Amino acid sequence: MANLKEIRNRISSVSSTMQITSAMKMVSAAKLKKAQDAITAMRPYSDKLTELLQSLSATLKEDSGSKYAQQREVENVLIVSITSNRGLCGAFNTNIIKQTQHLISNVYAGKKVSVLAIGKKANDAFAKQQLIVGNYSALYDDLTFDNVANLAERIMKMFTEGEYDKIEIVYNKFKNAATQIVMTEQFLPIKPIEGEVENNSDYIFEPSKIEIVEQLIPKSLKTQLYKGIRDSFASEHGARMTAMHKATDNATELRDQLKLTYNKARQAAITNEILEIVGGAEALNN
């Protein structure tokens, strides 16, 4: 009977876990809908702004480029690693940490690399290596464009003052609830457009191209960072919903197996009791 009690306790424990994972799945599903709508609505604007900026920048002379487009010899690198503040979302955070570590160990081996963490998981992973130069985990408490713009301005200032020669962003791009794509984007200096560019000579620019580009670049960079964080935010809830759905299914399967084991053990115990009674009765008759 001690064995039966142990199985009952395990069934109760698994059932409680299943209720928790099911509740977390429902919460993430509700948050995912809002986050997905936000990033879906933002992507066309961000892509068009980047396309316009690249088109204008490519038609300017090299000597009239922006201070954000200065190509310097890469010695100091800043990696903006975007993770979540909480776990229980599968390999969501692990993939970002692995990609960031790959950049540090392989791509920028021999360079001085620093990490700016957006999310507690990235901060915890790289704090031991003493690579963290900033922790902006609180950004998720009030995720607005204005707050992200302030952070983007700080990063841009680090580049223009020569503190870093290159800045990369590592984040999860949202595809659907079950799929997140690890992205590594060059934030600064601005990546020059590849291939031929259409001639805009038929257009009259007011103010001048240079002034337009100078105003568009900071706005585009702020939008790029905000889009990356929004993508990561939606991906987090999608990954957590999928992970909790799988956890609930596994808990259900384990509970059913334990119930079957419990019924078998209970039936065996009843059978043994009957055999003992019958054996005792036979011994008395003899």
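These legends walk through several close-up views of a predicted model.

**View 1. The whole chain, from end to end.** Let us start with an overview of this predicted model. The protein chain holds five helices and five strands. Read from the N terminus on, its elements follow the order α-β-α-β-α-β-α-β-β-α. The C-alpha trace of the protein chain spans about 115 × 40 × 35 Å along its principal axes. Its radius of gyration is 29 Å, whereas a compact globule of 286 residues would have one near 19 Å.

**View 2. The open sheet of five strands.** Here the strands line up in the order β3-β2-β1-β4-β5, and their pairing is mixed. Which strands stand at the edges? They are β3 (132-135) and β5 (179-188); each has a single partner strand, so one side of each is left without a neighbour in the sheet. On average, neighbouring strands of this sheet are turned by 20° against each other, direction ignored. As a reminder for the next two views, strands of a sheet pair through backbone hydrogen bonds, either parallel or antiparallel.

**View 3. β1 beside β4.** Strand β1 (residues 76-82) and strand β4 (residues 166-176) run parallel and are joined by five bridges. To find your place in this pairing, look for Val80, whose bridge partner in β4 is Ile169.

**View 4. β4 beside β5, with the hairpin.** On this pair the sense is antiparallel, and nine bridges link β4 and β5. How many residues does the hairpin use to join β4 to β5? The hairpin passes from β4 to β5 through two residues.

**View 5. Two helices lying across the sheet.** Helix α4 (residues 145-160) lies across β1, β2 (112-118), β4 and β5, and runs at about 45° to β5. Helix α5 (residues 209-285) also lies across β1, β2, β4 and β5, running at about 40° to β4.

**View 6. Where α4 meets α5.** The axes of these two helices, α4 and α5, come within 9 Å and cross at roughly 120°. That angle makes α4 oblique to α5. The crossing of α4 and α5 is right-handed. On the α4 side, the residues in contact are Phe145, Val148, Ala149, Leu151, Ala152, Glu153, Ile155 and Met156. They meet Pro218, Leu221, Lys222, Thr223, Leu225, Tyr226 and Ile229 in α5. What kinds of residue make up the contact of α4 with α5? Twelve are nonpolar, one is polar and two are charged.

**View 7. Where α2 meets α3.** Helix α2 (residues 92-107) packs against helix α3 (residues 120-127) at an angle of about 40°, with the axes 10 Å apart. This makes α2 oblique to α3. The crossing of α2 and α3 is right-handed. From α2, the contact is made by Asn93, Ile97, Thr100, Gln101 and Ile104, and from α3 by Lys121, Ala125 and Phe126. In the contact of α2 with α3, four residues are nonpolar, three are polar and one is charged.

View 8. Zoom in on Pro189, in the loop between β5 and α5. Is the peptide bond from Leu188 to Pro189 cis or trans? It is cis, with omega near -5°. Now turn to Leu88, which sits in the loop between β1 and α2. Although Leu88 is not a glycine, it has a positive phi of about 55°.

Notes: Residues are numbered from 1 along each chain as its sequence is written. This is a predicted model: local features need pLDDT of at least 70, side-chain atom pairs count only at pLDDT 80 or more; totals for chains, interfaces and linings use all residues. Side-chain values use heavy atoms; hydrogens and water are left out. Axes are lines fitted to C-alpha atoms, for helices over the stretch in contact, and angles run from 0 to 180 degrees between N-to-C directions. Helices (H or I, at least four residues) and strands (E, at least two) are DSSP runs, numbered from the N terminus. Angles under 35 degrees count as roughly parallel, over 145 as roughly antiparallel, 65 to 115 as roughly perpendicular and the rest as oblique. A crossing is left-handed if the near helix is turned anticlockwise from the far one by less than a right angle, and right-handed if clockwise. Contact means heavy atoms within 4.5 Å. Ala, Val, Leu, Ile, Met, Phe, Trp, Tyr, Cys and Pro count as nonpolar, Asp, Glu, Lys and Arg as charged, and the others, Gly among them, as polar. Two strands pair if DSSP finds at least two bridges between them. The radius of gyration is taken over C-alpha atoms; the globule rule is 2.2 Å times the number of residues to the power 0.38.
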